[in-house]
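I opened this model to look up its helices, its charge pairs and its surface patches. My notes follow in the order I made them.

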Amino acid sequence: MESATSSAASSADCAVHEVQKKTYNSTIDGLRKIARNEGFTTLWRGLSPTLLMTIPANIIYFTGYDWLRYNPVSPLSRLSSDNAPLVAGSTARILAATAVGPIELFRTRMQAAHGTSTTNHLMETFQGVRDMVATHGYVSLWRGLTLTLWRDVPFSGLYWWGYETIRSRLTDMREGNRGRPFNRAESLQNARRRSQSQENHMETFVDSFTAGALSGTFASIVTTPFDVGKTRTQVYRDAPSGLAGKAHVPEEKNMMRLLWHIFKTEGAPGLWKGWAPRVLKVAPACAIMISSYEVGKRAFRSVNERSMSEREEDN
């Protein structure tokens, strides 16, 4: 009798321990438990497909934005300077997210794979994607794209709108401090672009880094509810079949209905759950990426201008 009681207690303790291993109370707690239970390198699982996805995604995203925003033949060229960044940023994100959708799917599945062996979770991911394509066709490679667009499109629109607004203010302040007010005979937007083209590398870096960080912070906070909705829907879809597929589950509804359900049941804090770690991740990433892009673009522009000058002198 005592042996049976002891065995039952031991089983209960094991069950409680397993639940505690898979229950994360905070971001730090989750990182600590993942590192302890699955190995420290597991925290970087999915890094290779992330890098593979990031390169083409950012090429499409940044060059697409520049073309849509500034090219005279762009369909957005007639928009005002206030609306153009919002629309161009959103459109560029749609193009980039669609192009790398299959890689994003593979990365997400790899990060959700179990075990500590790189070979095991890589093969598990490949097999899962192969079975999915065999069952649902190649269009299933873009599964989850709608969820991604719900989060990333408004973020990108707000980010570029905020970035250009803040950077324009920084340019105005610098010109004012130098005692060189803009020539009102030309448009304010053209005057700002001309002034920015005359900046040195450090001024470009500081302004773009500051504007990128502030705009990234603002956009990430505002769009956190969409990130919450995306995460909950993905967790629900990836749950075991015994937990998913039930009728009248909020995660089976569209994004706006799901967010409304979260608001009704958990209030506004439920919609902004996890905003702090999101900002800590997004803001510095935005600052580093946009400042690197702007400085790199300026450096290559200088190289091209010198090359053109040399060719003109030779002629």
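Entry 1: I started at V222, which lies in helix α9. Helices here are DSSP runs of H or I with at least four residues, strands are runs of E with at least two, and both are numbered from the N terminus. V222 is partly exposed, with a relative accessible area of 35%. My cut-offs are under 20% relative accessible area for buried, over 50% for exposed, and partly exposed in between, with a 1.4 Å probe and protein chains only. The areas come from the Shrake-Rupley method, and for residues only the protein chains shown count as cover.

A patch takes residues with over 30% relative accessible area and no salt bridge; nonpolar side chains (Val, Leu, Ile, Met, Phe, Trp, Tyr) are joined within 5 Å, like charges within 9 Å.

**Entry 2: what I am working with.** This is a predicted model, where local features need pLDDT of at least 70 and side-chain atom pairs count only at pLDDT 80 or more, while totals for chains, interfaces and linings use all residues. Residues are numbered from 1 along each chain as its sequence is written, and side-chain values use heavy atoms, with hydrogens and water left out.

I counted elements next: the protein has 13 helices and zero strands. Of its 315 residues, 35% count as buried.

**Entry 3: helix α4.** I checked α4 (residues 84-99), which has 16 residues. Its first and last C-alpha atoms are 22 Å apart, close to the 22 Å expected at 1.5 Å a residue. The expected span is 1.5 Å times one less than the number of residues. Buried residues in α4 include A88, A92 and A96. An α-helix has 3.6 residues a turn, so residues three or four places apart point the same way.

**Entry 4: salt bridges.** Which residues pair by charge? I used a Lys or Arg side-chain nitrogen within 4 Å of an Asp or Glu carboxyl oxygen as the test. The structure holds eight salt bridges.

K297 and D66 meet in one, at 3.3 Å from N to O. The pair links distant parts of the chain: K297 sits in α13 and D66 in α3 (residues 47-70), 231 residues apart. K297 counts as partly exposed, at 25% relative accessibility. D66 is buried, at 18%. D66, R167, E294 and K297 are linked in a salt-bridge network.

D152 pairs with R151, with the closest N and O atoms 2.8 Å apart. Both residues, D152 and R151, are buried. E266 pairs with K273 at 3.4 Å between the closest N and O atoms. E266 is partly exposed, with a relative accessible area of 32%.

**Entry 5: a charged patch.** Where does negative charge gather on the surface? I found a patch made by E310, E312, E313 and D314. Asp and Glu count as negative, Lys and Arg as positive; His and the chain ends are not counted. E312 lies in α13 (residues 275-314). At 58% relative accessibility, E312 counts as exposed.

Key:
Areas by Shrake-Rupley, 256 points an atom, 1.4 Å probe, with all protein chains shown as cover. Charge placed at Lys NZ, Arg CZ, Asp CG, Glu CD.
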